[in-house]
Amino acid sequence: MIPLTRKQIAWRAAQDIMDGAVVNLGIGMPVAVADYLPAGRDVVFQSENGVIGVGPAAAPDRIDTDLVDAGSRPITLRPGGVIIDSAWSFAMIRGGHIDITILGAFEVAANGDLANWDSRIPDKGPLVGGAMDLAVGARSTWVMMEHNTRSGAPRLLEHCALPLTAVRCVKRIFTDIAVVDVTPEGFVLREALESISTDELHARTGAPITIAADFRPLAVPVLD
Amino acid sequence: MAIDKRVANAAAAMEGVRDGATVFISGFGGAGFPNVLIRALREHGPRELTMVVNSATHRLSFTHELIAAGMVRKVISSAARGHEKTLSPFEVLWREGKIELECLPQGTFAERIRAGGAGIPAFYTPVGFGTALAEGKETRRINGRDCVLETAISGDLALIRGDVADRLGNLTFRYAQMNFGPAMATAASLSIAEVRVTQDDPMEATRIQLPGIYVDRVVAVGGRA
């Protein structure tokens with residue numbers, strides 16, 4: 001069984017973004033989702049520092065330190081893009097004007113609770129940024145993460161052990177072995193790698209998971 | 001007398017800033033850090049400051065110099081984790097209990113400042129409910145949604161970064177320089193903007209991104225056009 005790479009997880013998440021959606025991609029792994037939108041899908045990317053219409057990363061000779069995204073990455077602005085101030089940007093986020101946010105995570109609980117901001121690193125200061133605002137405010141909060149920790153512990157749990165980012169907010173999870181929905185009845189397995197058995201998937205998931213009626217294999221292309 | 005908010009230099013702009021001030025500092029992700037003004041504040045040397053800044057540890061902001069100089073009593077921010085494995089000046093003092101921290105979700109941080117400049121003493125927000133950052137805060141269920149009561153932040157001094165200012169204090173921003181600047185300028189009794197360039201002629205109305213009535217002093221410091 002070969003799990004998906006992070007790029008492949010990003011590719012899979014990108015396939016579910018609707019044409020015309022307003023999307024906020026979290027710092028780190030989720031930013032790659034923008035690279036894999038299916039052709040013909042026109043999506044507006046918002047960044048929490050007020051950029052609406054984030055374009056591709058800036059080429060090395062076109063870097064402008066005043067034009068950055070929430071992860072401090074030099075970016076470009078799409079035609080028709082606009083920049084607003086932070087108070088307005090978060091009013092936009094809380095006000096339900098972002099269709100989808102895709103965030104990284106440490107843990108997700110079967111009721112949709114999300115833990116993605118505090119991994120309890122000793123002595124380091126806290127960093128929450130806009131994670132709580134996005135998780136609560138976006139119409140749909142999706143997560144991409146590895147299904148298990150490096151030591152093999154499940155990240156999909158009955159209850160989060162780490163400090164929460166927001167309660168009952170996650171709707172869909174893209175992992176390196178599966179696509180899982182969070183429903184009022186708990187986790188529902190929508191897709192899984194063909195090479196992983198149902199038993200193994202249950203063993204690697206820390207809460208009950210039911211198989212969707214329209215379950216199908218998780219298939220992604222080979223990516224560089 | 002014609003309004004003219006231009007001052008000769010950053011040092012002159014600090015006139016009247018005192019110990020114990022609540023100081024807003026703009027900037028996010030490398031854009032909009034008023035680093036010339038921050039250095040001038042450090043030279044001016046007020047103590048016991050409460051610093052309202054989105055990140056207490058961003059490597060491109062000089063805010064860490066105020067912290068390292070022992071001028072800051074308390075930080076209100078959404079990000080206080082250094083970039084390196086070794087601890088940042090903030091983290092060293094925070095771990096030793098020598099500096100207080102109030103950590104907020106970034107949108108709550110921004111809205112509390114906006115409220116401070118907008119005459120709203122407090123507001124309810126669903127953000128943070130059920131998390132460690134809402135501990136001790138009043139909560140209330142409104143229209144079926146659990147919310148947290150957050151109070152406004154207003155202060156004594158805002159240091160912000162813009163692109164162009166006219167003599168009336170009207171400002172433009174380059175791209176993502178804007179971030180917290182407008183809200184902070186509204187919430188402080190003294191707002192100082194460092195800009196690339198100042199001009200005598202009043203700007204055309206359609207260019208103005210922050211009205212000069214929110215800006216008390218402007219200093220031209222150069223920078224990328």
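In this predicted model, 47 residues of chain B are in contact with 36 residues of chain A. Contact means heavy atoms within 4.5 Å. The area buried between the two chains is about 3400 Å². Carbon and sulfur atoms give 59% of that area. Buried area is the accessible area (1.4 Å probe) that two parts lose on being put together, summed over both. Phe28(B), Arg81(B) and Tyr175(B) supply 19% of what chain B buries against chain A, more than any other three residues.

The model is predicted, so to speak of local features takes a pLDDT of at least 70, and side-chain atom pairs count only at pLDDT 80 or more, while totals for chains, interfaces and linings use all residues. Residues are numbered from 1 along each chain as its sequence is written, chains are lettered from A and ligands numbered from 1 in the order in which they are written, and side-chain values use heavy atoms, with hydrogens and water left out.

Between chain B and chain A, 23 residue pairs are in polar contact, both at pLDDT 80 or more. A polar contact is a pair of N or O atoms within 3.5 Å; within protein, one must be able to donate a hydrogen and the other to accept it, and residues adjacent in sequence count only if both atoms are side-chain atoms. On the side of chain B that touches chain A, α5(B) gives the largest share, six residues. By class, that side has 21 nonpolar, 16 polar and ten charged residues. Ala, Val, Leu, Ile, Met, Phe, Trp, Tyr, Cys and Pro count as nonpolar, Asp, Glu, Lys and Arg as charged, and the others, Gly among them, as polar.

Six salt bridges cross this interface. A salt bridge is a side-chain nitrogen of Lys or Arg within 4 Å of a carboxyl oxygen of Asp or Glu. Over all chains, the structure holds 33. Two of them are listed here.

| Salt bridge | N to O distance |
|---|---|
| Arg224(B) and Asp64(A) | 3.9 Å |
| Lys74(B) and Glu102(B) | 3.2 Å |

Lys74(B) lies in β3(B) and Glu102(B) in β4(B), so the pair ties together parts 28 residues apart in sequence. Helices (H or I, at least four residues) and strands (E, at least two) are DSSP runs, numbered from the N terminus.

Now the strands of chain B. β6(B) and β7(B) pair in the antiparallel sense over four bridges. Two strands pair if DSSP finds at least two bridges between them. Arg140(B) stands opposite Cys147(B).
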